[in-house]
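Good morning, everyone. Please have a look at the model on the screen, and then I'll walk you through it.

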Amino acid sequence: MDAQSFKEFGKAALDFIADYMENIRDRDVLPSVKPGYLIDLLPKEMPEKPEQWQEVLQDINKYIKPGITNWQSPNFHAFYISGCSYPSMVGEMLSAAFSVIGFHWLCSPACTELEMVVMDWLAKFLKLPAQFLHSTEGPGGGIMQGSASESVLVAVMAAREQTVLRVKAEQPALSEGEIRARLVGYSSDQSNSCIEKAGVLGTVPLRLLAADENQIMRGAHLAKAVKEDLANGLIPTICIATIGTTGTCAYDDIETLASVCEEHNIWLHVDAAYAGAALALDDHAQLRRGLERVDSLNYNLHKSMLVNFDCTAMWMRDSNRVVDSFNVDRIYLQSKYNGQTDIPEFRHWQIPLGRRFRALKVWLVFRIFGAEGLREHLHKQLRLAKRFEQHVLADARVELVAKRSLGLVCFRVKGDNQLTADLLQRITDRKKLYMVQASFGGKDFIRFAVCGMDPKEEDMDFAWHEIEGQLNKLLSEEKGKKIEAITVNAHDTQQKDNEDGISQQLSSGLHISLGADERAP
Ligand code: PLP
């Protein structure tokens, strides 16, 4: 493809994108295709002859679009927000154009230095302790990883290696194999699945400690577990706390956890994948407490920071501890600048060797929205969640299961868990809204997260209208089923009465089955 065709193709693709975004509200959020739809539609071999881009673009409309779950629809309320904005898309495009792979500074000085700059900008925006800034004297700093999962894995593996080194020095009688076999880590049973997975991949078994009734893990939980493990000869290695759990967006108690970690030489990592954004808001300043005592921290810009997937910020208090754990070099990775300046060798801070130029899209987003625009984007999510919550609170048939937290509202149908599961299934089958379920303390609930590139007040009202409509139908069908069951029961009882003359059961059956809490609208 020559430059002229590229311009035409690119312009057509931009039109396509803008049109898709402008009309996203009109599309169902969930696709209507069945598993295997695309595999059946597409040829089994790649085309032998080159094809025209116009044809390919048409096929995106025909084959790909029907199989897209519209994450940027304002009617997408599952998981957490997936960041997206026009400046970020342009940043991705430019980064693809430069196609640099930042192994080290000379492989693209702008790639490394822009990352240092925007990581410091972000740390200041979130009001993180100064020790995490590149511009502060000392070994701390931030890097862009692909995901929270990778960041947590890096923390687990670095903690593992540092603990092995320390225990080897302290207890020379123990072999390295014995030390590694005794390592143990901690997180809460409310932490994201990627935390447990990092323990598996990083070969540090993690104990998932039961959170309290507010879904919070506290120092007392950790202290008890550490005491038990020390008594059993295990070696506490890392604790992964969460600011903004996936289920209910609860915040672990970083200060009390930090005290236990400091006492026992345990690496403290904080997964703030979603709620890290709230650190920027002064009305959430309490979330910053204890962060100066944390060893590492991650926040997903690809959630609420208008940056497209993938982009996770990870800060370390002492990057040397990570570099010392993972530093493997080769002659082809050397340049006269390596190690000669304060510029970090980011390849030692991460799992892959190659590095994407993620900082470019972040720089575009930060400049084009400004700190003010980013804060407004966060405030909007809080406002919209509050608006949705008002609908929940106004309906006596449903209840909140946790306090509204940032852009997340967790609610359920009062009564048996099956009602909530049935409601969610009905809504999902209609494809107008997408939400997912979670569970805490034996109660299943629906998570409603404010998502999409540009959600508005009326989208919250639309969502509630859809939920309410399905709830009405569900409860009236349930009522119908109960009346039918009672009628059948009454009929049977009547027959039995006729046979043996007992008449009490019918009236008591009716009383039990039509309790006040089970009314349908
Ligand atoms: N941690 C939390 C609290 C999350 O909510 C999520 C995903 O939603 C993750 C970690 C995993 O993020 P990633 O996909 O970037 O690994």
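**A tour of the model**

Let's start with the whole chain. Of the protein's 521 residues, 49% count as buried. Buried means under 20% relative accessible area, exposed means over 50%, and partly exposed is in between, using a 1.4 Å probe and protein chains only. A word on the source: this is a predicted model, where local features need pLDDT of at least 70, side-chain atom pairs count only at pLDDT 80 or more, and totals for chains, interfaces and linings use all residues. Residues are numbered from 1 along each chain as its sequence is written, and side-chain values use heavy atoms, leaving out hydrogens and water.

The C-alpha atoms fill a box of roughly 100 × 70 × 50 Å, taken along the principal axes. The protein has 16 helices and 11 strands. These are DSSP runs numbered from the N terminus: helices are H or I with at least four residues, strands are E with at least two.

Now the domains. There are three entries to remember: domain 1 (3-68), domain 2 (138-337) and domain 3 (374-489). Their bounds come from an automatic or database domain assignment. The centres of domain 1 and domain 3, taken over C-alpha atoms, are separated by 33 Å. Still, 7 residues of domain 1 are in contact with 11 residues of domain 3. Contact means heavy atoms within 4.5 Å. Take contacts between residues at least 6 apart in sequence: 73% of them join residues at least 24 apart.

Next, the inside. What is the size of the largest nonpolar core? It has 77 residues, and those with the most contacts inside it are Leu122, Leu126, Leu301, Met305 and Trp315. Helix H13 (residues 359-393) gives the largest share of this core, 9 residues. The core also draws at least three residues from each of domain 2 (138-337) and domain 3 (374-489). By definition, a nonpolar core is a set of buried Ala, Val, Leu, Ile, Met, Phe, Trp, Tyr and Cys residues joined through side-chain atoms within 4.5 Å.

Zoom in on leucine 301. Leave aside its neighbours within four places in sequence, and leucine 301 is in contact with Leu122, Leu306, Val307, Cys311, Thr312, Ala313, Val362 and Phe366.

On to the rings. The structure holds 12 aromatic pairs. Phenylalanine 9 and tryptophan 53 make a stacked one, 5.1 Å centre to centre, with 20 degrees between the planes. This pair links distant parts of the chain: phenylalanine 9 is in helix H1 (residues 3-22), tryptophan 53 is in helix H3 (residues 53-64), and they are 44 residues apart. Phenylalanine 9 counts as partly exposed because its relative accessibility is 26%. Tryptophan 53 is at 15%, so it counts as buried.

Phenylalanine 411 and tryptophan 464 pair edge-to-face, 6.5 Å centre to centre, with 65 degrees between the planes. Phenylalanine 411 sits in strand E9 (residues 408-413) and tryptophan 464 in helix H15 (residues 457-500), 53 residues apart. The cut-offs: rings of Phe, Tyr and Trp (its six-membered ring) pair if their centres lie within 6.5 Å; planes under 30 degrees apart count as stacked, over 60 as edge-to-face and the rest as tilted. Phenylalanine 411 is buried, at 0% relative accessibility. Tryptophan 464 is buried too, at 5%.

Helix H15 also holds glutamine 470. Is glutamine 470 buried or exposed? It is buried, because its relative accessible area is 6%. Not counting residues up to four places away in sequence, glutamine 470 touches Leu423, Arg426, Ile427 and Arg430. Glutamine 470 and arginine 430 are 40 residues apart in sequence and 9.6 Å apart in space, C-alpha to C-alpha.

Last stop, the strands. E9 and E11 run antiparallel, joined by 4 bridges. Strand E10 (residues 436-440) is also antiparallel to E11, with 5 bridges. Two strands pair if DSSP finds at least two bridges between them. Glutamine 437 stands opposite isoleucine 446 in E11. E10 and E11 form a hairpin with 2 residues between them, and glycine 441 in the turn has a positive phi of about 55 degrees. In strand E11 (residues 443-449), 5 of the 7 residues are buried, so the strand is largely enclosed by the rest of the structure.
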